[in-house]
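Please look over the structure shown below before reading the notes on its strands, loops and backbone geometry.

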Amino acid sequence: MKHYWSLKNKHMRALLKLFLLLILLPGAIYGQSIKKQVIAVGETTTSENKVLKSTIGQTAAGNFQAEGFRVKVGYRVLAPVIPLVTLSTSATTVEEGKSMTLKVSLDKPSYENVTVDIRLAGTTTKITDYTWQRGNAANEERITIAAGDTVSTLTLTAIDDALVEGDETIIVSISAISKAEADLTKTYTVNLIDNDFNDTDMDGVKDNLDKCPNTNFGAIVDMNGCEIFNLSRFNYAISATSTTCVGTATGSLRAVLAAKNYTYIVETKGPDGFKKTEAFDASNAPSYNLTGLAKGVYTVCFTIASQPGYEQCFDLTVGEPAALKTTSFLDPNTNVLKLDLSGSDKYIVTINGVSETVKTSSYSKLLGTGLNTVTVSTDLGCQGLITEEIFISEEVLTYPNPTTGMVNLYIPGTDSQVQVSLNSMNATFLNETKEVKANREVDVDLTQMPAGSYVIQVLGNHVRKTMKIVKQ
Ligand SMILES: [Ca+2]
Ligand SMILES: [Ca+2]
Ligand SMILES: [Ca+2]
């Protein structure tokens with residue numbers, strides 16, 4: 001062909017174009033299974049429209065003619081590119097909620113699109129356990145590697161469910177292939193890692209983290225699910241007793257410990273810097289007692305020397321009795337005394353030497369005439385004694401009033417004599433003891449007194465009365 005290359009006219013250039021066309025546009029000349037693999041060997045041909053049909057490995061020639069020139073082209077048919085497909089996974093495990101990549105690779109690019117059908121098997125189920133990038137329900141998906149490309153990938157995401165299923169497997173393989181070849185028997189196993197676990201011993205620590213998987217039910221455990229020493233709250237029966245009197249350090253604490261086989265260290269802290277630490281051997285005494293406590297809040301903590309880290313604390317209040325209080329009210333129409341009582345739940349009410357126990361906060365009593373002495377106390381001597389004196393007078397009638405001379409005083413009751421005084425604004429005219437007559441009357445003579453207003457006062461064991469009298 002060398003002499004053709006020397007032709008420098010337009011016909012030669014056209015012929016060369018045709019030749020290059022045959023080389024570079026194989027679609028016009030390849031056989032039914034051949035593309036782009038024609039090599040010219042340097043002969044002429046008579047037809048530029050000739051379709052060359054060949055089989056792999058064959059050499060042949062064709063004659064092409066264009067514009068008066070003939071070119072003979074020789075060619076050899078090479079085998080088509082059959083890429084080898086390999087499959088790989090980005091990981092051999094994938095945890096629920098995480099993703100991994102399936103990668104399909106060709107060892108060399110192909111002139112055609114290569115299709116690869118990927119099958120997922122194993123103990124998992126698509127959609128339920130994982131999703132593919134392309135998201136349909138079938139467990140097989142076709143991916144295409146475009147002509148010229150060598151890689152395509154799929155993303156597989158393990159579904160983060162809440163089911164305790166254990167680990168499962170995804171077995172990946174190529175089930176079918178087109179325009180390439182692969183080892184269809186080869187499989188890749190990916191373990192789908194379940195992130196949900198049971199708590200078999202129900203101690204709050206999941207089985208995968210529980211280093212003591214058979215903890216007794218109800219036991220208190222550490223973060224590894226292993227039991228830590230503890231005593232039931234029912235181990236402690238602890239109580240406080242109030243002081244007997246206000247302001248005294250007579251309160252106490254008492255603790256009965258059910259677990260007797262320990263020596264407890266009892267630390268008590270209270271008001272005003274109170275602190276006391278004692279060892280208490282529960283096997284030796286029925287209860288721990290702490291006395292001489294003032295009113296206040298105390299924190300009592302129990303530890304056990306042989307069980308480091310164990311501590312149980314309680315807050316207790318030592319109270320004190322309330323102050324004794326009474327409020328009295330006398331109904332002047334009925335002479336009924338009403339007492340409102342506070343400071344205890346039991347009172348001793350004594351009226352004129354007669355005592356009775358009152359267990360309510362309200363007390364009523366009809367009082368007789370004369371001086372009534374009422375006292376209220378409680379069982380606690382330190383709560384004191386409240387005393388009240390109430391005088392209830394007999395009613396005294398005076399008549400006539402106004403008077404021109406004598407005034408009669410009618411004095412009911414039992415007094416046999418009374419002290420009678422007669423007063424004006426400025427002076428006392430009479431002040432003497434008078435006998436009460438059998439008809440319960442006492443006379444006062446105003447005959448000699450000038451007209452005007454006077455005050456008569458009558459005093460006796462059961463009478464304390466002051467009355468106004470008008471002298472005409
Ligand atoms: Ca799960
Ligand atoms: Ca557990
Ligand atoms: Ca456990």
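The report that follows goes from the whole chain to its sheets, and then to single residues in loops.

## Basis of the model

This is a predicted model, in which local features need pLDDT of at least 70 and side-chain atom pairs count only at pLDDT 80 or more, whereas totals for chains, interfaces and linings use all residues. Residues are numbered from 1 along each chain as its sequence is written, while chains are lettered from A and ligands numbered from 1 in the order in which they are written.

## The chain as a whole

The protein chain has 2 helices and 34 strands, where helices (H or I, at least four residues) and strands (E, at least two) are DSSP runs numbered from the N terminus. Of its 472 residues, 21% count as buried; a residue is buried if 20 or more other C-beta atoms lie within 10 Å of its own, exposed if 12 or fewer, and partly exposed in between, with C-beta atoms placed from the backbone. Among contacts between residues at least 6 apart in sequence, 54% join residues at least 24 apart, a contact being a pair of residues whose C-beta atoms, placed from the backbone, lie within 7 Å.

Five strands form an open sheet of mixed pairing in the order β5-β13-β11-β7-β9, two strands being paired if DSSP finds at least two bridges between them. Its edge strands are β5 (93–95) and β9 (140–145), each of which pairs on one side only, and the twist averages 30 degrees from one strand to the next, with axes taken as lines fitted to C-alpha atoms (for helices over the stretch in contact) and angles running from 0 to 180 degrees between N-to-C directions. Strand β5 pairs with β13 (residues 187–193) in the parallel sense over 3 bridges, and Thr 93 has Asn 191 of β13 as its bridge partner.

Another open sheet consists of 3 strands with antiparallel pairing, in the order β21-β22-β25. Here the edge strands, each pairing on one side only, are β21 (325–331) and β25 (362–366). Antiparallel strands β21 and β22 (residues 336–342) are joined by 7 bridges, and Asp 331 has Val 336 of β22 as its bridge partner.

## Strand β15 and its partners

Strand β14 (residues 236–241) runs antiparallel to β15 and is joined to it by 6 bridges, with Ser 252 as the bridge partner of Thr 241. A further 5 bridges join β15 to the antiparallel strand β18 (residues 288–293), where Tyr 288 is the bridge partner of Ala 255.

## Residues in loops

Leu 380 lies in the loop between β26 (370–377) and β27 (385–392), and is partly exposed because 15 other C-beta atoms lie within 10 Å. Leaving aside neighbours within four places in sequence, Leu 380 is in contact with Thr 244, Cys 245 and Pro 321; the C-alpha atoms of Leu 380 and Cys 245, 135 residues apart along the chain, are separated by 7.4 Å.

Most residues other than glycine have a negative phi, and most peptide bonds are trans. Lys 179, however, has a positive phi of about 65 degrees, and counts as buried because it has 20 C-beta neighbours inside 10 Å. A cis peptide bond joins Tyr 399 and Pro 400, with omega about -10 degrees, and another joins Asn 401 and Pro 402, with omega about 10 degrees.

Methods. Contact = placed C-beta atoms within 7 Å.
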